[in-house]
Amino acid sequence: MTVAARKPVASPAGMTAAEIAAAVASGKTTCEAVARAHLARIEEREQQVLAWQYLNPGQVIEQARALDRRGARGPLAGVPFGIKDIIDTCDMPTEMGSPIYAGHRPRADATCVALSRKAGGVLMGKTVTTEFANRHPGKTRNPHDPSRTPGGSSSGSAAAVAAGMVPLAIGTQTTGSTIRPASFCGVFGYRPTYGDLRCVGVKEAAGSLDTLGLLARSIEDIALYRDVLLGADPEPIPGESRPPRIGFCRTHFWSRVEPGTRQMIEDAVRKLARAGAPVQDVDLPAEFQDIEDTHRSISSYEFARNFTWEIENHWESISETLRNGRLKHGLACSFERYREARDRAERCRELMPQVFGDCDVLLTAAAAGEAPVGLNATGDASFCLTWTTTHVPAVTLPVFEGPHGLPVGVQLIARRNADRALFAAARWVVRALLAAA
């Protein structure tokens with residue numbers, strides 16, 4: 001077992017966001033030097049990884065120099081970050097992975113972009129997304145093996161962080177679009193409690209489920225970026241007075257997990273118990289049996305209505321993958337079926353305290369295994385949809401190495417509004433598994 005998010009330290013391109021901000025604040029480096037180091041890393045890796053939809057090195061240097069001139073301040077001072085290309089930027093195109101929006105120029109930054117810049121961050125560019133953050137893949141390759149998918153839909157964001165091109169990137173998640181690519185690319189991926197982070201300026205897929213997703217190479221950077229996007233003063237992750245109480249939840253999708261991954265997760269559970277964590281098996285109530293259909297009905301119904309203009313005016317420019325998948329299902333879904341699905345989802349949310357019982361966090365699969373070979377699909381998102389539907393926070397921990405030497409993550413879940421406790425538990429779990437390696 002290895003932690004795939006382990007980082008080099010030789011250059012600013014190997015530093016965490018917190019380390020970069022501290023170095024800039026102390027005068028040990030400049031925003032321009034940090035930006036140039038990351039541009040050099042992009043030049044070195046981009047031809048293989050193809051993480052960027054829009055990148056203008058001159059524009060990046062201009063931003064960094066402006067920060068240096070006025071004295072960079074803020075919790076992200078000089079920190080490079082990437083933005084998924086369904087998120088509006090006032091000075092860069094937002095093309096959403098679709099020819100329909102080629103060259104589209106929004107007039108304003110999305111809230112998450114504006115808050116990142118306000119905190120001193122340097123926007124490097126727009127990362128590749130699948131078409132409208134759905135299933136049709138973009139051009140990005142897995143940075144560990146270019147013959148494999150990076151996952152989706154936040155493919156470019158996960159790949160850019162994994163390749164050391166940026167320490168932070170923003171994606172989104174409606175099903176598993178942050179958790180899964182984080183697992184495939186070997187980074188930390190975080191989906192917050194639903195509704196905590198504002199989505200103004202983000203192309204909506206299904207508003208009842210959509211959240212931002214954060215990608216980084218350390219759990220501390222995830223916590224830092226969450227505070228920035230909350231508009232709050234950053235606080236350190238709280239210390240643990242005791243090991244977290246862990247519920248091992250296989251879910252109804254356990255049979256879809258590859259045998260090797262099942263073994264790694266079960267071994268990890270035993271190691272965590274030996275390290276002092278109280279561990280118990282947790283089963284989901286019968287009401288969760290239909291969670292896949294519940295999620296699909298909600299997400300597809302809302303998606304199809306949200307994209308009425310594109311359907312009516314640009315049908316032929318929409319991929320067959322989307323037309324015959326999410327849109328076909330959504331257009332066939334009646335309002336009555338959608339309303340029933342919403343009621344089922346709400347019932348599952350009401351049952352979550354019962355699911356957790358006396359556990360602090362749940363541990364489960366983030367993906368079936370290593371990133372699949374091939375670039376025509378982004379992998380199975382089943383392992384995330386239960387938690388997306390129930391609006392609870394989740395994080396991918398990059399703690400395993402699969403049979404081909406590629407990263408595999410495990411997913412940790414917390415109760416609604418217990419995001420900071422989730423970070424503390426995640427830190428403890430990672431440290432315990434490293435110590436047991």
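A disulfide is a pair of cysteine sulfur atoms within 2.5 Å.

## About the model

This is a predicted model, in which local features need pLDDT of at least 70 and side-chain atom pairs count only at pLDDT 80 or more, while totals for chains, interfaces and linings use all residues. Residues are numbered from 1 along each chain as its sequence is written, and side-chain values use heavy atoms, with hydrogens and water left out.

## The cysteines

The structure holds zero disulfides. C90 is in no disulfide either, and its nearest cysteine sulfur, that of C112, is 12 Å away.

How accessible are C90 and C359? The terms are these: buried means under 20% relative accessible area, exposed means over 50%, and partly exposed is in between (1.4 Å probe, protein chains only). C90 has a relative accessibility of 37%, so C90 counts as partly exposed. C359 is buried, because its relative accessible area is 1%.

Let's turn to how helices pack. Two packed helices are described by the angle between their axes and the distance between the axes. Axes are lines fitted to C-alpha atoms, for helices over the stretch in contact, and angles run from 0 to 180 degrees between N-to-C directions. Helices (H or I, at least four residues) and strands (E, at least two) are DSSP runs, numbered from the N terminus.

Helix 7 (residues 219-230) packs with helix 15 (residues 419-436) at an angle of about 165 degrees, and their axes are 10 Å apart. That angle makes helix 7 roughly antiparallel to helix 15. For orientation words, under 35 degrees counts as roughly parallel, over 145 as roughly antiparallel, 65 to 115 as roughly perpendicular and the rest as oblique. On the helix 7 side, I219, E220, I222, A223, R226 and D227 meet D419, R420, F423, A426 and R427 of helix 15; contact means heavy atoms within 4.5 Å. The residues of this contact divide into five nonpolar, no polar and six charged. Here Ala, Val, Leu, Ile, Met, Phe, Trp, Tyr, Cys and Pro count as nonpolar, Asp, Glu, Lys and Arg as charged, and the others, Gly among them, as polar.

## Helix 15 and its partner helix 8

Helix 8 (residues 259-274) also packs with helix 15, at an angle of about 95 degrees and with the axes 9 Å apart. Helix 8 is therefore roughly perpendicular to helix 15. In this contact, A268, K271 and L272 of helix 8 meet W428, V429, A432, L433 and A436 of helix 15. The contact residues divide into seven nonpolar, no polar and one charged.

Helix 8 also holds G260. With a relative accessible area of 45%, G260 is partly exposed. Its C-alpha atom is separated by 9.3 Å from that of A368, which is 108 residues apart from G260 along the chain.

## Helices 9 and 14

Helix 9 (residues 291-306) and helix 14 (residues 382-389) pack at an angle of about 70 degrees, with 9 Å between their axes. These two helices are therefore roughly perpendicular to each other. I291, E292, T294 and H295 of helix 9 make the contact with S382, L385, T386 and T389 of helix 14. By class, the residues of this contact are two nonpolar, five polar and one charged.

## Backbone details in the loops

Which peptide bond is cis, with omega near 10 degrees? The bond in question runs from G152 to S153. S153 lies in the loop between strand 3 (122-127) and helix 5 (155-162). F132 is also in the loop between strand 3 and helix 5, and phi of F132 is near 50 degrees, a positive value in a residue other than glycine. F132 counts as buried because its relative accessibility is 2%.

N417 is not a glycine, yet has a positive phi of about 70 degrees. You will find N417 in the loop between strand 11 (407-414) and helix 15. At 60% relative accessibility, N417 counts as exposed.

## A glutamine in helix 3

Is Q59 buried or exposed? Q59 counts as buried, at 15% relative accessibility, and lies in helix 3 (residues 57-70). Leaving aside neighbours within four places in sequence, Q59 is in contact with Y54, D91 and M92.
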